Each structure stands twice: as structure tokens, then as C-alpha cells.
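The briefing below is arranged by topic and is meant to be read with the sequence and the structure side by side.

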Amino acid sequence: MDTMTDDLYRDITDFAHDTPSWFQHLAEVWTELGLLLFGVLFIVAWWRARRGDPRALAVAVLAPLATAVAYVCSELLKSVIDEERPCRAVSGALTPLVECPPHGDWSFPSNHSAIAGAAAVGLALAWPRIAALTVPMAVLMAFSRVFVGVHYPHDVAVGLVFGAVIVFLLVRVTTRPVARITLAMRGSSTGVVKWFAGPGPGRGRGRAQVPAPAQAPAPQPPAPQPPAYDPAAYDPPTMTIRRDDTQRPY
């Protein structure tokens with residue numbers, strides 16, 4: 001008996017066969033090229049974080065590691081559920097655009113989608129501004145697995161969420177201890193370790209920038225003092241002050 005996901009799979013694969021050949025080849029390439037692009041973005045995010053605080057570098061390092069953990073968990077889940085690929089199980093479906101994986105390479109969840117969802121969230125945590133790129137990339141990669149005919153729609157939907165949740169939880173839980181390790185690595189005497197951890201914020205070419213000493217304020221001139229009272233200078237009859245001509249400047 002056909003299910004809703006079977007019907008949706010047939011609709012998507014029918015649409016795929018109606019698209020131009022160049023678009024079909026683009027979808028075939030994107031299912032694998034997207035993974036490579038995520039790897040390049042991981043490297044760029046790490047390089048940017050080398051001059052950030054230890055927490056930023058910790059997140060950038062944890063993002064690809066957590067993505068690898070998400071892939072392993074997806075593979076373990078796939079081996080337990082044992083769902084047959086739709087390119088063999090769905091009756092009346094058109095031939096997939098790529099070769100149908102062999103029996104035993106199960107369908108649920110989609111490993112590609114789990115990696116894409118994990119990478120998108122990991123990069124968004126390490127480099128928030130790039131989320132507008134990584135999230136659409138992950139969705140397109142997941143859709144491409146159905147488009148080429150090797151996964152059900154529910155395979156890729158669950159894979160996306162599964163990978164994203166695992167990475168989010170792992171990064172949140174382990175960022176603080178990894179940040180401590182990063183800080184220790186920056187103080188290491190081993191060159192490779194220090195290079196990997198980076199100079200950190202406020203440093204140039206591995207050396208700290210020493211702030212210039214603060215300058216002492218300029219001395220202020222003394223405030224004028226009122227003249228001292230001299231009883232001898234007061235002339236009672238005239239109620240005037242006698243002028244001392246001896247002090248007149250010449």
C-alpha cells in the first residue's frame with residue numbers, strides 16, 4: 001500500500017526527469033560538492049576564530065568535530081532501522097538519476113542530510129553571519145537526495161533535524177572546557193600548537209601589543225593668593241591704603 005511519502009517521492013522524481021539535463025547534472029554534483037564546500041567553510045571559520053577569544057575558537061573547532069559525531073550517530077541509527085531505499089521499494093517510480101545504492105545501504109535517515117544539518121548549525125554557531133548561506137545550502141542538499149531518487153522525503157527531513165540537534169547540544173555542552181584547553185594551547189611552547197590555537201585578540205604576529213604608558217598630566221600653575229593684611233599700611237584718618245612706592249616697578 002502506498003503511503004503519502006511514496007506519493008511525494010514519485011512526484012519529486014517525476015519533476016526531476018522533466019528538468020533540463022544540465023539541471024539534473026547540477027543536482028547530482030551538488031549532493032557531493034556541498035559536503036566539500038562545508039569543509040572549506042569550516043577551515044575559514046577556524047582561521048577567523050584564531051584571532052578571537054578562546055570561546056570563539058572553541059566553537060569553531062567543535063563545529064566540524066560535532067558534525068562528525070552527528071554522522072556517526074546517523075549511521076548507527078540507519079543500521080538499526082533498516083529501511084530499504086525508495087529506488088527499489090517504491091513501485092511505479094521512475095529510474096533514479098544516480099545509481100541506486102546496494103542492498104544493505106539503508107535509507108533512513110539520510111547521512112548527507114544529517115551532515116548538512118549539522119554543518120549548517122555548527123557554522124552558524126561559529127560564524128553567525130554565515131547562517132544565511134549555510135542553512136539554505138543544507139536544505140538544498142537534503143532536497144537533492146530526493147531529487148536524484150535515493151531517499152524518501154522523510155529520510156532527509158529527519159536527517160536535517162537530527163544532525164542540527166546533535167551539533168547544537170554538543171557545542172553548547174563542551175564549549176567551556178574546550179575554551180580552557182584553547183587558552184592553554186596559546187601559552188604552549190610548541191610552535192605547531194600555538195599556531196593552531198592562534199595569537200588571540202589584541203596580538204600581532206604572535207606577540208602581544210604592549211599599550212603605551214599613560215602620560216602624567218601637565219603641572220598646573222599655582223592659584224593666585226590674596227595679599228596679606230598689613231596693619232601699618234592702613235591710614236585711619238583718610239581710610240586709604242598707603243602706597244608703598246618702594247615696591248613700584250621701574
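This is a predicted model: local features need pLDDT of at least 70, side-chain atom pairs count only at pLDDT 80 or more; totals for chains, interfaces and linings use all residues.

Helices, as named here, are DSSP runs of H or I with at least four residues, numbered from the N terminus. By that numbering, Leu33 has its place in helix H2, which covers residues 21-49.

**Aromatic pairs**
- The structure holds 6 aromatic pairs, among them the edge-to-face pair of Phe15 and Phe147, whose centres are 6.1 Å apart and whose planes stand at 75° to each other.
- Since Phe15 belongs to helix H1 (residues 4-18) and Phe147 to helix H6 (residues 131-147), this pair ties together parts of the chain that are 132 residues apart in sequence.
- Phe15 counts as partly exposed, at 45% relative accessibility, whereas Phe147 counts as buried, at 2%.
- Phe147 also forms an edge-to-face pair with Phe23, with 5.7 Å from centre to centre and 75° between the planes.
- In this second pair Phe23 lies in helix H2 and Phe147 in helix H6, so that parts 124 residues apart in sequence are tied together.
- Phe23 itself is partly exposed, its relative accessible area being 34%.
- Ring pairs join Phe15, Trp22, Phe23, Phe143 and Phe147 into a cluster.

**A charge over a ring**
- The charged end of Arg50 is placed over the ring of Trp47, at 4.4 Å from the centre of that ring.

**Surroundings of Asp155**
- Asp155 lies in helix H7, which spans residues 153-186, and is buried, with a relative accessible area of 0%.
- Leaving aside residues up to four places away in sequence, Asp155 touches Glu83, Ser107, Phe108, Pro109 and Ser110.
- The C-alpha atoms of Asp155 and Asn111 are separated by 8.9 Å, although these two residues are 44 residues apart along the chain.

Conventions. Residues are numbered from 1 along each chain as its sequence is written. Side-chain values use heavy atoms; hydrogens and water are left out. Helices (H or I, at least four residues) and strands (E, at least two) are DSSP runs, numbered from the N terminus. Rings of Phe, Tyr and Trp (its six-membered ring) pair if their centres lie within 6.5 Å; planes under 30 degrees apart count as stacked, over 60 as edge-to-face and the rest as tilted. Buried means under 20% relative accessible area, exposed over 50%, partly exposed in between (1.4 Å probe, protein chains only). A charge sits over a ring if NZ of Lys or CZ of Arg is within 6 Å of the ring centre and within 35 degrees of the ring normal. Contact means heavy atoms within 4.5 Å.
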